[in-house]
Amino acid sequence: MTELLNSLFGPFYGNMIGLLLSATQWTIYLSLAAFIGGGLLGLMLTVLKISPLKPLRWFATAYIWLFQSIPLLMLLFLLGLGIPVFFQIDVPAWLAAGTALTLFTSAYMSEVWRGALESIPQGQWEAGKAVGLTFIQNLWWIIAPQALRIATPSTVGFMIQVIKGTSMAYIIDYNDLMRWGKKIANSQLDGAEPFIVFPIVALIYFCLCFPLSLWSKHLEKKMVLT
Amino acid sequence: MSKWYDDFQVLKDIDLSVAFGERIVICGPSGSGKSTLIRCLNHLEEHQKGSITVNDISLSPGMKNPEKVRREVGMVFQSFNLFPHLTILENCMLPQQRALKRTKAEAREIGMRFLERVKIPEQSDKYPRQLSGGQQQRVAIARALCMEPKIMLFDEPTSALDPEMVSEVLDTMIELAESGMTMLCVTHEMGFARKVADRVIFMDAGKIVESSDPEAFFSNPQHPRTKEFLGQIL
Ligand SMILES: Nc1ncnc2c1ncn2[C@@H]1O[C@H](COP(=O)(O)OP(=O)(O)OP(=O)(O)O)[C@@H](O)[C@H]1O
Ligand SMILES: [Mg+2]
C-alpha cells in the first residue's frame with residue numbers, strides 16, 4: 001500500500017496520503033459504531049414511542065427532544081471534557097465520541113422511523129387486527145415491512161450525516177481523519193499547507209459519502225417505481 | 001349497548017341479536033353510526049355501556065385478548081386494505097400462519113381454496129396493486145374466509161368500486177350468503193338486500209329506528225326517516 005502510494009504520488013505525498021488513509025479507518029469505525037449503536041437504540045425508542053403505555057411514550061419523547069436540541073459539538077464537549085473533569089474519571093476519546101454520536105444518531109433515526117410507521121395508513125393496522133393478529137404480530141408482519149421500505153432511503157441518507165458528524169470528534173482528541181488532517185496542516189512543512197491538505201481530506205470524506213448518496217438516491221427511485 | 005366519542009354519543013341503546021346463519025343488511029344516512037356499530041362487534045371500537053356477546057365471547061372495554069373474537073369474525077372494509085407488500089396468496093396465508101398457527105402448506109392449500117371460491121386463483125402470485133378494485137375486494141373476502149370465521153362483517157364493500165365492478169363483488173357475497181354464513185352488511189345496495197337479507201336494519205342518529213324483513217322494509221316502511229331515506233336512494 002505504502003509503496004503503491006509512494007510510486008503514485010512520490011514519497012512526500014505518498015506518505016501523507018498513507019497517514020490520512022490510515023486515520024480514515026478510525027472515522028469509519030466511529031461511523032459504524034454510531035450507526036449500529038444509534039440504530040439499535042433508535043429502534044428501541046421507536047417502539048417506546050408507539051407503545052400503548054403513556055410513560056414509555058413520554059420517556060421516548062423527552063429523550064428525542066433532548067438529544068435533538070443539543071448540538072453534537074456540545075455533546076462531545078460534555079462527554080469528552082465535562083464528565084471526566086466533573087467526576088474525576090478518565091473517559092477515552094473513542095468512548096466519549098462513540099457515545100455522543102450514538103445518542104445523536106438514535107434520536108434522529110427514531111424520528112425517521114416513527115415518521116415512516118405513522119405514514120402507513122390506519123387501514124393497514126385495522127386489517128391486521130381484523131384478521132386476528134396481536135399488536136406485535138401486526139407491527140412485525142404488516143406495518144414494519146412497509147415502513148422499512150419507506151424509511152430506507154432516508155436512513156441511508158442519514159448515514160452521511162453521521163460520517164460527517166464524526167469529523168467533530170477531533171475536538172476531544174479522537175484520532176480520526178479530521179484530526180490527522182489538522183495535525184499535518186499545522187506541521188509547517190513545505191507542501192503540507194492547509195490549502196493542500198484540507199482538499200485531500202475533503203476528497204476522502206467525499207469518497208466515503210458519495211456512494212451512500214448514490215445508493216440512497218437509487219433506493220428512492222426504486223421505491224417510487226414499486 | 002351505547003358508545004360515545006368524548007361527549008358525542010354515536011350509538012344509543014342499540015339492542016340487536018343476530019341468530020346463527022342470519023343475514024342482516026344495515027343501512028342509513030351518512031354519520032348514523034353504521035360503521036361504528038359493526039366495528040364494535042370485532043372490538044375495533046370499544047363500547048362504553050351495555051354488553052356485546054359474540055359467539056359466547058363477551059366483549060368489554062379494554063379487554064385482554066380481542067384477537068380471540070377477531071379470529072371468529074371476518075371483516076371486509078370499504079377500501080379493501082389488502083397488504084401491499086404481500087402477494088395475493090400471501091395476503092391469504094399470513095393471517096392463518098400467524099393468528100391460527102397453521103403450517104405454510106396448510107395455509108397455502110386453504111388460501112388457494114378460497115381464492116378459487118372467489119374466482120381468482122390465477123392471480124395468486126400478483127401483488128394487490130396489479131388487480132382491479134373488484135378483484136382486490138374479492139381477495140379481501142377470501143382473506144377473511146381463510147380464517148374460517150363464524151360471522152362476516154361488511155362495511156360498504158362496494159362503495160369504493162367503479163360501477164362495472166360492483167356486481168362481481170355482490171355475486172361473491174350472494175354466494176357466501178347462500179352457503180349459510182352469518183353476515184352483517186352495511187350497504188346501500190338494495191337489490192342485494194332484497195335478494196339475501198333476512199332482516200334490514202335502518203339506523204339514524206345512532207339508533208336503530210327500524211328493523212324488519214326486506215319485503216316489509218321496502219314496501220311498507222314505518223318510520224318517517226326510513227321513508228325519506230328510501231325515497232332518496234331508490
Ligand atoms: N374516531 C372518531 N372520533 C370522533 N367521532 C367519530 C369517530 N369516528 C366516527 N365518528 C363520528 O361518529 C358518527 C358515526 O360515524 P360512522 O362512521 O359510524 O357513520 P356511518 O353511518 O358509517 O357513516 P358513513 O355512511 O358515512 O360511513 C359520525 O358522526 C362520525 O363523525
Ligand atoms: Mg361508514
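What percentage of the 226 residues in chain A is buried? The answer is 43%. Keep in mind as you look around that this is a predicted model.

Let's stay with chain A for a moment. Along its principal axes, the C-alpha trace of chain A spans about 70 × 50 × 25 Å. Of the contacts in chain A with a separation of 6 or more, 72% are between residues 24 or more positions apart.

Now zoom in on a single residue, A:R114. You will find A:R114 in helix α4 of chain A, which covers residues 93-118. Is A:R114 buried or exposed? Its relative accessible area is 17%, and because buried means under 20%, A:R114 counts as buried. If you set aside the neighbours within four places in sequence, A:R114 is in contact with A:T46 and A:K49.

Next, turn to chain B, where there is a sheet to explore. Six strands make up an open sheet with mixed pairing, in the order β6-β7-β8-β3-β9-β10. At its edges stand β6 (73-76) and β10 (207-212) of chain B; each has a single partner strand, so one side of each is left without a neighbour in the sheet. From one strand to the next, the twist averages 20°. A helix packs on this sheet too: α1 of chain B, residues 34-41, touches β3 (23-27), β6, β7 (151-155), β8 (182-186) and β9 of chain B. The direction of α1 makes about 155° with that of β7(B).

Strand β9 of chain B deserves a careful look. On one side, β3(B) and β9(B) pair in the parallel sense over four bridges, and here B:V25 has B:V200 as its bridge partner. With β10(B), β9 (residues 199-204) pairs in the antiparallel sense over five bridges. Along this pairing, B:F202 stands opposite B:E210, and B:D204 stands opposite B:K207. The strands β9(B) and β10(B) form a hairpin with two residues between them. One residue in the turn, B:A205, has a positive phi of about 50°.

Where do the side chains of this strand go? In a regular strand they alternate between the two faces of the sheet. In β9(B), B:R199, B:I201 and B:M203 point one way, while B:V200, B:F202 and B:D204 point the other way. Six of the six residues of β9(B) are buried, so this strand is largely enclosed by the rest of the structure.

Finally, let's see how the two chains meet. In the interface, 18 residues of chain A are in contact with 22 residues of chain B. The size of an interface is often given as the accessible area lost when the parts come together. Here, chain A and chain B bury about 1,700 Å² between them, with 63% of it on carbon and sulfur atoms. On the chain A side, A:A130, A:V131 and A:W141 lose the most area to chain B, together 31% of what that side buries.

How many salt bridges are counted between chain A and chain B? The count is one. A:E126 forms a salt bridge with B:R39, and the closest N and O atoms are 2.7 Å apart. Across the interface, seven residue pairs are in polar contact. Which helices of chain A each supply at least two residues of the side that touches chain B? They are α5 (122-130) and α6 (135-166), and α5(A) gives the most to that side, with seven residues.

How values were computed: Residues are numbered from 1 along each chain as its sequence is written. Chains are lettered from A and ligands numbered from 1 in the order in which they are written. This is a predicted model: local features need pLDDT of at least 70, side-chain atom pairs count only at pLDDT 80 or more; totals for chains, interfaces and linings use all residues. Side-chain values use heavy atoms; hydrogens and water are left out. Buried means under 20% relative accessible area, exposed over 50%, partly exposed in between (1.4 Å probe, protein chains only). Contact means heavy atoms within 4.5 Å. Two strands pair if DSSP finds at least two bridges between them. Axes are lines fitted to C-alpha atoms, for helices over the stretch in contact, and angles run from 0 to 180 degrees between N-to-C directions. Buried area is the accessible area (1.4 Å probe) that two parts lose on being put together, summed over both. A salt bridge is a side-chain nitrogen of Lys or Arg within 4 Å of a carboxyl oxygen of Asp or Glu. A polar contact is a pair of N or O atoms within 3.5 Å; within protein, one must be able to donate a hydrogen and the other to accept it, and residues adjacent in sequence count only if both atoms are side-chain atoms.
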